Amino acid sequence: MKKVVVISMLAAAIGTTAVTPVMAQTNAASQNQQALQIKNATFTVNGKAVAIRTINKSGITLVSVRDIALAIGAEINVSKGVIKVQLNHKSATLTGSAITSVGGNSFTEPKALLEKLGATYVAGSNVVTSIKLLADIEQAAWINSSTLLASKSIEGGREDYLIDTATGRSELLLASSNTSDLVISNDGAKAAYTDENGAVYVITLATKQTVQASTDSSIKNELQWSADGSALFFLQGDKNSVIAKVDLADGKVTKVLEDKVDYKADLSVSSDGGKFAFTVIKQPKVTADAGKDVSLDDVAIDATGTEPQLYFYDAAKADNKPVQLTNDKTDKAFTQISADGSKAYFVSLGDDANSTGTLEVVDIAGKTVKPLFNEQDVYQLVTKGNKLYLLTAKGEGNAIYNIDAATGAATLLHSVSDGVSEIIVSNNGQLAAISNGLLAVAINGKFTTITK
C-alpha cells in the first residue's frame with residue numbers, strides 16, 4: 001500500500017509540474033491560431049479574378065500555398081513538412097519559418113514564392129502574372145473582342161502574335177522577312193500580306209493555315225480588304241501610280257484607276273468598294289547647272305506646290321476622273337473616307353513646324369472643307385463605321401476622344417500619358433493603346449498592360 005501511495009503521489013507531483021506549462025503553451029497556440037484569421041481576398045491572376053485565402057501575420061499578408069499554386073497552374077508536392085511548388089522548369093521549396101500553418105492550411109509570403117517560380121506579384125493591387133509576356137510591341141490590330149494581333153521586329157524580319165487580351169498569353173502566328181504588314185479582314189477571320197515578290201498570301205486565323213492567293217508580281221502597297229472579304233485593294237507600282245484590286249477567288253489583278261499620276265498615298269475605300277479617297281504628293285522640281293557635278297549637291301530644289309492634296313474617285317461613273325478636294329499648303333495624314341463615300345476626313349498638320357494637327361472633314365459633293373475638331377493637337381485619327389476616334393494632346397499628357405461625325409461633338413474617353421503613341425480601335429469600339437513599346441487594353445474604364 002505504501003508503495004502504491006508513493007507512486008500516486010509522484011504521479012500527482014509530476015502532473016502538477018509538467019502538465020501546467022504544456023497546457024499554457026496549448027492555450028497560447030490556440031490564441032495565436034485565433035489571431036491569424038483566414039480571410040478570402042480577390043487577386044488578379046493572369047488577368048482573371050481569383051479568390052485566394054490569406055492571413056495577416058505581424059502586418060504581413062500571407063497567402064495559401066495551395067490556392068496560389070492552383071491559380072497559376074503550378075504543381076505542388078508535400079512531404080515530411082517540406083512543400084515543393086513547380087511551374088514549368090522552375091521550382092520553390094518551402095520549409096520551416098517560410099510556412100505558417102493555420103487550420104490545416106499552409107501560408108507563405110507570396111512575392112518570394114512567385115519570383116522563384118518566374119512569376120511577378122504586385123502587392124498593392126494583388127496582381128499576379130505567371131505568363132511570359134511579349135516585349136517591344138510596335139503595331140497591333142484587333143481580331144475580335146478577346147484577341148489582338150501584335151507585331152514586333154526581330155533580327156532579319158518580323159514576328160506576328162495572337163494575344164489574349166484578358167491574360168496577355170501570346171501565340172506566334174507568323175515569322176517572316178521582307179513581307180508587308182499583316183492586314184486583318186473586317187470580320188476578323190483572315191489576315192493578308194505580300195512577300196518581296198508581290199505575291200499575296202492569306203492566313204485563316206482560326207486554323208493558322210496560309211494559302212497563296214495570287215502570284216501576281218507587281219508591287220502592292222497599302223493593302224486594304226473589301227468589306228465582304230472577297231478582294232484586296234492596293235496602290236500598285238513603285239510610284240503608287242495605280243489603284244488596283246486582287247480577287248482572292250482566282251488571284252486576278254484588276255486596275256481600278258490608272259490616271260498616270262504618281263505618288264498616291266493614304267488610300268481609303270468606301271464600304272461598297274467603289275469610292276476612293278487618297279492624297280497625291282507632287283515631287284519637287286530639281287535643277288542643276290549643266291556644267292557642275294550633281295554629286296556635289298550643287299542643285300536647286302523648288303518645293304512650291306508639292307504639299308499633299310486630297311482626291312476623290314468614284315469608279316462607278318463612266319469616264320470619271322479623280323476630283324481634287326483640297327488646294328492648300330498643309331500637310332495631311334490619316335485620310336479616311338466615310339462608309340457611304342459622301343465625306344472624307346483627314347488630319348491637317350499645318351504649314352509650319354509650330355502648327356497643330358486639326359481634324360478636317362470634306363463634303364465630297366460640295367467640295368467644302370471645314371475643321372471638325374481643333375481644340376487640341378491631333379496626333380492620330382481612326383474611323384470605325386460612322387464613329388471617329390482621336391488621339392490628341394491634353395495638358396501634360398494625351399487624350400482619347402470619340403467624335404460625332406455629324407456634329408463634331410467631342411466626348412473624352414480616356415486621359416492617358418504622353419507616352420501613348422498609337423490607339424487601336426475595334427469595330428465595336430474596344431480600345432487598346434501602345435505606349436513606349438507596351439500594349440495595353442481598356443477594361444472597365446482603365447488600361448491594363450498585357451505586354452512588357
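Reply: Start with K220: at 6% relative accessibility it counts as buried. Buried means under 20% relative accessible area, exposed means over 50%, and partly exposed lies in between (1.4 Å probe, protein chains only).

Me: What am I looking at, experiment or prediction?

Reply: A predicted model, where local features need pLDDT of at least 70, side-chain atom pairs count only at pLDDT 80 or more, and totals for chains, interfaces and linings use all residues. Residues are numbered from 1 along each chain as its sequence is written, and side-chain values use heavy atoms, with hydrogens and water left out.

Me: Back to K220. Which residue does its side chain meet in a salt bridge?

Reply: D216, at 2.7 Å, N to O. A salt bridge here is a side-chain nitrogen of Lys or Arg within 4 Å of a carboxyl oxygen of Asp or Glu. D216 is partly exposed, at 26% relative accessibility.

Me: Which residues do salt bridges with shared partners join into one network?

Reply: R158, D160 and D181.

Me: And how far apart are the side chains of R158 and D181?

Reply: Their salt bridge is 3.9 Å, N to O. The two residues are 23 apart and link distant parts of the chain: R158 is in strand β13 (157-164), while D181 is in the loop between β14 (170-176) and β15 (183-184). Helices (H or I, at least four residues) and strands (E, at least two) are DSSP runs, numbered from the N terminus.

Me: R158, buried or exposed?

Reply: Buried, at 10% relative accessibility. D181 is partly exposed, at 37%.

Me: How many salt bridges in the structure?

Reply: 10. Another of them joins D67 and R53, at 2.9 Å, N to O. That pair also links distant parts of the chain, with D67 in helix α2 and R53 in strand β2 (48-57), 14 residues apart.

Me: Why is D67 classed as buried?

Reply: Because its relative accessible area is 15%. R53 counts as partly exposed, at 24%.

Me: New topic, the core. How many residues are in the largest one?

Reply: The largest nonpolar core has 22 residues. A nonpolar core is a set of buried Ala, Val, Leu, Ile, Met, Phe, Trp, Tyr and Cys residues joined through side-chain atoms within 4.5 Å. F43, I72, V85 and V128 have the most contacts inside this core.

Me: Which elements supply at least two residues each?

Reply: β1 (39-45), α2 (65-72), β5 (82-87), β6 (90-94) and α3 (110-116). The largest share, 4 residues, comes from α2.

Me: What is I72 in contact with?

Reply: V45, L87, L114, L117, V128 and S130, leaving aside neighbours within four places in sequence. Contact means heavy atoms within 4.5 Å.

Me: Now the sheet. What is the strand order in the open sheet of 4 strands?

Reply: β33-β34-β35-β36, with antiparallel pairing. Two strands pair if DSSP finds at least two bridges between them.

Me: Which strands stand at the edges?

Reply: β33 (378-384) and β36 (410-416). Each has a single partner strand, so one side of each has no neighbour in the sheet. On average, neighbouring strands of this sheet are turned by 20° against each other, direction ignored. Axes are lines fitted to C-alpha atoms, for helices over the stretch in contact, and angles run from 0 to 180 degrees between N-to-C directions.

Me: How many bridges join β35 to β36?

Reply: 6, and the two strands run antiparallel. Y401 has L412 in β36 as its bridge partner.

Me: Next, S348. Where is it found?

Reply: In strand β30 (343-348). S348 counts as buried, at 8% relative accessibility. Its side chain makes a polar contact with the side chain of T330, at 3.3 Å. A polar contact is a pair of N or O atoms within 3.5 Å; within protein, one must be able to donate a hydrogen and the other to accept it, and residues adjacent in sequence count only if both atoms are side-chain atoms.

Me: What does S348 touch, not counting residues up to four places away in sequence?

Reply: T330, D331, T356, G357, T358 and E360.

Me: Last one, backbone. What is the phi of Y263 near?

Reply: 60°, a positive value in a residue other than glycine. Most residues other than glycine have a negative phi. Y263 is in the loop between β22 (253-258) and β23 (264-269). F334 has a positive phi of about 60° and is not a glycine. F334 is in strand β29 (332-337).
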